[in-house]
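Notebook open, structure loaded. I'll jot down what I look up as I go.

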Amino acid sequence: MARMLIGIGILCIAAGLGWMFLDQVGLSRLLGHLPGDLNFTKGNISFHFPVVTCIIISVILTVFLNVFFHR
């Protein structure tokens with residue numbers, strides 16, 4: 001259990017550092033605003049669901065996890 005928690009903590013730190021890097025480069029504005037992401041606004045109510053962004057992140061994580069944790 002301790003190793004799993006440490007691994008999750010390292011993964012969270014890596015994600016935070018990656019987000020900081022993307023923000024410095026200017027690519028963080030691209031995430032969540034890709035073609036195919038759903039944005040609806042009516043009056044003062046808005047709904048945002050990043051469908052394509054979720055798919056891309058899922059594919060990247062799947063490849064990463066398969067490469068590094070394949071037995």
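How many bridges join S1 to strand S2? I count on a predicted model here, where local features need pLDDT of at least 70, side-chain atom pairs count only at pLDDT 80 or more, and totals for chains, interfaces and linings use all residues. Residues are numbered from 1 along each chain as its sequence is written, and side-chain values use heavy atoms, with hydrogens and water left out.

**Entry 1: the strands.** I get five bridges between S1 and S2 (residues 45-49), and the two run antiparallel. Strands pair if DSSP finds at least two bridges between them. Strands are DSSP runs of E with at least two residues and helices are runs of H or I with at least four, numbered from the N terminus. I looked up Leu38 and found Phe49 as its bridge partner in S2. Two residues sit between S1 and S2 in the hairpin, and Gly43 in the turn has a positive phi of about 70 degrees. Buried means under 20% relative accessible area, exposed over 50%, and partly exposed in between (1.4 Å probe, protein chains only).

**Entry 2: Thr53.** Is Thr53 buried or exposed? Thr53 comes out at 6% relative accessibility, so I put it down as buried. Thr53 belongs to helix H2 (residues 51-69). Leaving out residues up to four places away in sequence, I list its contacts (heavy atoms within 4.5 Å) as Leu31, Gly32, His33, Leu34 and Asp37.

**Entry 3: aromatic pairs.** I find two aromatic pairs in the structure. Rings of Phe, Tyr and Trp (its six-membered ring) pair if their centres lie within 6.5 Å; planes under 30 degrees apart are stacked, over 60 edge-to-face, the rest tilted. Phe40 and Phe47 are stacked because their planes are at 15 degrees, with ring centres 6.4 Å apart. Phe47 is partly exposed at 46%. The pair of Phe64 and Phe68 is tilted, at 4.7 Å centre to centre and 55 degrees between the planes. These two are four residues apart in helix H2, so about one helical turn separates them. I note Phe64 as partly exposed at 37% and Phe68 as exposed at 56%.

**Entry 4: surface patch.** Phe64 and Phe68 also turn up in a nonpolar surface patch, whose members include Ile55, Leu61 and Phe69, with about 990 Å² of accessible area together.

Technical notes. Patches are made of residues with over 30% relative accessible area and no salt bridge: like charges are joined within 9 Å, nonpolar side chains (Val, Leu, Ile, Met, Phe, Trp, Tyr) within 5 Å. Accessible areas come from the Shrake-Rupley method with a 1.4 Å probe; for residues, only the protein chains shown count as cover. A salt bridge is a side-chain nitrogen of Lys or Arg within 4 Å of a carboxyl oxygen of Asp or Glu.
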